[in-house]
Amino acid sequence: MSTKVSMNVNGKPVLADVEPRTLLVQYLREHLGLTGTHVGCDTSQCGCCNVHLNGEAVKSCTLFAIQCEGQDITTIEGLAEEDGTLHPMQQAFWEHHGLQCGFCTPGMVMVACDIARRRPDADEKTIRHELEGNICRCTGYQHIVEAIESGIKAMNAKG
Amino acid sequence: MYEFNYHRPKSLDEASSAAKDAEDRKILAGGMTLIPSMKLRLAAPSDLIDLADVDGLKGITVGSDTVTIGAMTRHYDVQTSADVQKAIPALAALAGGIGDPSVRHRGTIGGSVAHSDPAADYPAAVLGLDATVKTDNREIAADDFFTGLFETALEEAEIITAIEFKIPDAAAYIKFPQPASGFALVGAFVAKFGGDVRVAITGAKDCVFRVTEMEQALASNFSPDAIADIQIGDDDLLADIHCAADYRAHLVTVMAKRAVAQAAG
Ligand code: FES
Ligand code: FES
């Protein structure tokens, strides 16, 4: 049995028939084709699936699409500008080599933007702690943390 | 995941009747435990009653000697509430230590308390702060609420509406987190109310419990030394790959001492 669900994804209204059991991440990836949001686990631990729900980072694998009726969702695809100019946090990941395989990166970037919003003064220790819900199997985190420090500064400067 | 019927009631009355009418319902709050359990097919309810739109279940009210937190209030909101930080700083700190930031943006106090996970943090605060659990049809004292592994005094279709905490003179919560999951291997919530002290332990048994021997010792001498020699028996303590029963028993004393030191400091 499916139900109509409408929400705003990356600033655009979308409407679809989904089953109640459809997870937000499935909806984004399989219905909307927004495959930038990844699934790395079944247990809400890896953080690859982070998106913003009304501006706050949440794990889209642990949320039904139907719960997002009428809400605003931003995915990694929604960060860069129309002309392809990267978001300051994406640019910082690029410059600081904050990724290797890139699997964890969408979740890392979405959470990094959330840290910047809540903790614009975050130091290295805070950033490491805030990344508790994001797992990276490649980088050893060093460059991710450096990228986020620099990305927060860039976002603060941009205002 | 198996299929289910989804309900999104607008009022508590509607939620209560939807819950009562369903054959095998689960109440959906933040979903941070329920949805993963459904994904793993550990839970397969016929009906989900989502409380997201129910009026009056969110928010924090501070009275002269109580703090009342609506069941749908998120961990993030408790963690960052200036009112809670002022009235019961230990409770705000506890909320800030649950899960990770993205989980705290969704997870709720009502969900955590209703679930009674043996390693959850909130039950320790509920029992340690002598709280009252308010539901859609009654009030339940913390001492009567937690009854076993994922078991509480709640009836099948009963819905928690708020938790009312007593404001202590001093309190602290210290946990020894399992490094991978962050769940408490053992957590101790210690609270002092005048001459009375409550010590609530999570993570060590099927559900949260009090250590009366420590409470009595602390009532006459509120210092870590007073409980240094009190060791709980390890007969009914949890044991798993992360932590043996005797080690958990040891941690109970260590965490309780640290909590007393922090509360007294
Ligand atoms: S896929 Fe969501 S936390 Fe791993
Ligand atoms: S870059 Fe490969 S998992 Fe993080």
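In this predicted model, the domain assignment divides chain B into domain 1 (5–50) and domain 2 (60–263). Eleven residues of domain 1 of chain B and 12 residues of domain 2 of chain B take part in the contact between them. The centres of the two domains, taken over C-alpha atoms, are separated by 25 Å. About 990 Å² is buried between domain 1 and domain 2 of chain B, and carbon and sulfur atoms give 72% of that area.

Across this interface the rule finds one salt bridge, as well as two residue pairs in polar contact. On the side of domain 1 of chain B that touches domain 2 of chain B, the elements giving two or more residues are α1 (12–21) and β2 (25–28) of chain B. The largest share of that side, five residues, comes from α1(B). By type, the residues of that side comprise six nonpolar, three polar and two charged.

| Pair | Interaction | Distance |
|---|---|---|
| R25(B) and E156(B) | salt bridge | 3.2 Å, N to O |
| D130(B) and K166(B) | polar contact | 2.7 Å |

D130(B) is placed in the loop between α8 (122–128) and β6 (132–135) of chain B. Beyond residues up to four places away in sequence, D130(B) touches A142(B), D143(B), K166(B) and R198(B).

In chain A, I76(A) occupies the loop between β5 (72–74) and α2 (88–95). I76(A) counts as buried because its relative accessible area is 15%, and buried means under 20%. Apart from neighbours within four places in sequence, its contacts are G36(A), T37(A), Q90(A), P106(A), V109(A) and M110(A). I76(A) and D17(A) lie 59 residues apart in sequence and 23 Å apart in space, C-alpha to C-alpha.

Definitions and conventions: Residues are numbered from 1 along each chain as its sequence is written. Chains are lettered from A and ligands numbered from 1 in the order in which they are written. This is a predicted model: local features need pLDDT of at least 70, side-chain atom pairs count only at pLDDT 80 or more; totals for chains, interfaces and linings use all residues. Side-chain values use heavy atoms; hydrogens and water are left out. Helices (H or I, at least four residues) and strands (E, at least two) are DSSP runs, numbered from the N terminus. A polar contact is a pair of N or O atoms within 3.5 Å; within protein, one must be able to donate a hydrogen and the other to accept it, and residues adjacent in sequence count only if both atoms are side-chain atoms. Contact means heavy atoms within 4.5 Å. Buried means under 20% relative accessible area, exposed over 50%, partly exposed in between (1.4 Å probe, protein chains only). Domain bounds come from an automatic or database domain assignment. Buried area is the accessible area (1.4 Å probe) that two parts lose on being put together, summed over both. A salt bridge is a side-chain nitrogen of Lys or Arg within 4 Å of a carboxyl oxygen of Asp or Glu. Ala, Val, Leu, Ile, Met, Phe, Trp, Tyr, Cys and Pro count as nonpolar, Asp, Glu, Lys and Arg as charged, and the others, Gly among them, as polar.
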